[in-house]
Amino acid sequence: MKNRLKKCKQLTCFIIFLLISCLWLSESLSGSAIKERIVTAPHPVLRQRATDIERGDHETIQLLIEMADYIEESVRPIAGISLPQLAVSKRGFVAMIEEEAVIMINPKLMKYGQEEPSLEGCLSLPGQFGYVSRHSSVTVEYHDEDWQKQVLHLKDIDSFVVQHENDHLDGILIADKMLAAPAQSLRNSDIPLE
Ligand SMILES: [Zn+2]
């Protein structure tokens, strides 16, 4: 009886181990799948004006959820990622706001405040880093992944990330508005990509 109980416990442990392994594997596979889909300039989709996402477009919403997981788990800091960067010309992106990946569908931006230089790098422009002029604050209206309407008022770096990602939806890249390259003392690996 004792032996049977022991075997039963061992089997349960093994099944739990198997389940955890499968979960971990599927997570890392979906992460690498996103990484492999990222397109770089001069891919034509990066220059298109993206179209609105329809309410029942579950496939695109699922993709945004996978993008959010990818940037939250990335070792190299990623501040945001947009659908056109995965060759999907639709208006949606994920932005890291206070260490949380926020999905924004069909965002509408109102920009406020003075323009100031923001140091940026882009996943679609490998090796290019530089200062870009951004407004100091934005109000962004969007639908979340549950199609709830949301409004956020963002300042400084959070607002810069949203402006960078929103530019991708209009076919604009940082190379178009670069003010200057960063000082050599700055290591490019410290600059989050987006
Ligand atoms: Zn970018």
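Me: Why does Asn 106 count as buried?
Reply: Asn 106 has a relative accessibility of 11%, and buried means under 20% relative accessible area, while exposed means over 50% and partly exposed lies in between (1.4 Å probe, protein chains only). The value for Asn 106 is under that limit, so the residue counts as buried. The model here is predicted, so local features need pLDDT of at least 70 and side-chain atom pairs count only at pLDDT 80 or more, whereas totals for chains, interfaces and linings use all residues. Residues are numbered from 1 along each chain as its sequence is written, and side-chain values use heavy atoms, with hydrogens and water left out.

Me: What makes the backbone of Asn 106 worth a remark, and where is Asn 106 found?
Reply: Asn 106 is found in strand β3, where strands (E, at least two residues) and helices (H or I, at least four) are DSSP runs numbered from the N terminus. Its phi is near 45 degrees, which is a positive value in a residue other than glycine.

Me: Why is Glu 98 called exposed?
Reply: The relative accessible area of Glu 98 is 68%, and this value is over the limit for exposed, so the name applies. Glu 98 lies in the loop between β2 and β3, and its phi, near 50 degrees, is again a positive value in a residue other than glycine.

Me: What makes Asp 69 partly exposed?
Reply: Asp 69, whose place is in helix α2, has 29% relative accessibility. Asp 69 and Ala 101 are 32 residues apart in sequence, but their C-alpha atoms are 7.7 Å apart in space.

Me: How do you know that Ser 137 is buried, and which residues does Ser 137 touch?
Reply: Ser 137 lies in strand β4 (residues 129–143), and at 17% relative accessibility it is under the limit, so it counts as buried. Contact means heavy atoms within 4.5 Å, and, not counting residues up to four places away in sequence, Ser 137 touches Met 110, Lys 111, Tyr 112, Gly 113, Leu 154, Lys 155 and Ser 159.

Me: What makes a group of residues a nonpolar core, and how many residues has the largest one?
Reply: A nonpolar core is a set of buried Ala, Val, Leu, Ile, Met, Phe, Trp, Tyr and Cys residues joined through side-chain atoms within 4.5 Å. The largest here has 25 residues, and those with the most contacts inside it are Leu 64, Met 67, Ile 71, Ile 81 and Val 94. At least two core residues come from each of α2 (58–73), β2 (92–97) and β3 (100–121), and α2 supplies the largest share, seven residues. Leaving aside neighbours within four places in sequence, Met 67 is in contact with several residues, including Ile 34, Leu 86 and Val 94. A second, separate core of 13 residues includes Phe 93, Ile 97, Val 138 and Tyr 142.

Me: How do you know which atoms are the protein donors of the zinc ion?
Reply: Donors are N, O and S atoms within 2.8 Å of the metal (3.2 Å for Na, K and Ca), and sites may look incomplete because water is not among the atoms. The protein donors are Cys 122 (SG), His 164 (NE2), His 168 (NE2) and Glu 194 (O), which lie 2.0 to 2.5 Å from the zinc ion and so meet the limit. His 164 lies in helix α3 (residues 156–169) and Glu 194 in the segment after β6 (178–180), so this pair ties together parts that are 30 residues apart in sequence. His 164 and Glu 194 are both buried.

Me: Why is the arrangement around the zinc ion called irregular?
Reply: Four donors count as tetrahedral if all angles lie between 85 and 135 degrees; four count as square planar, and six as octahedral, if opposite donors are over 155 degrees apart and all others between 65 and 115; anything else is irregular. The four donor atoms here subtend angles of 94 to 136 degrees.
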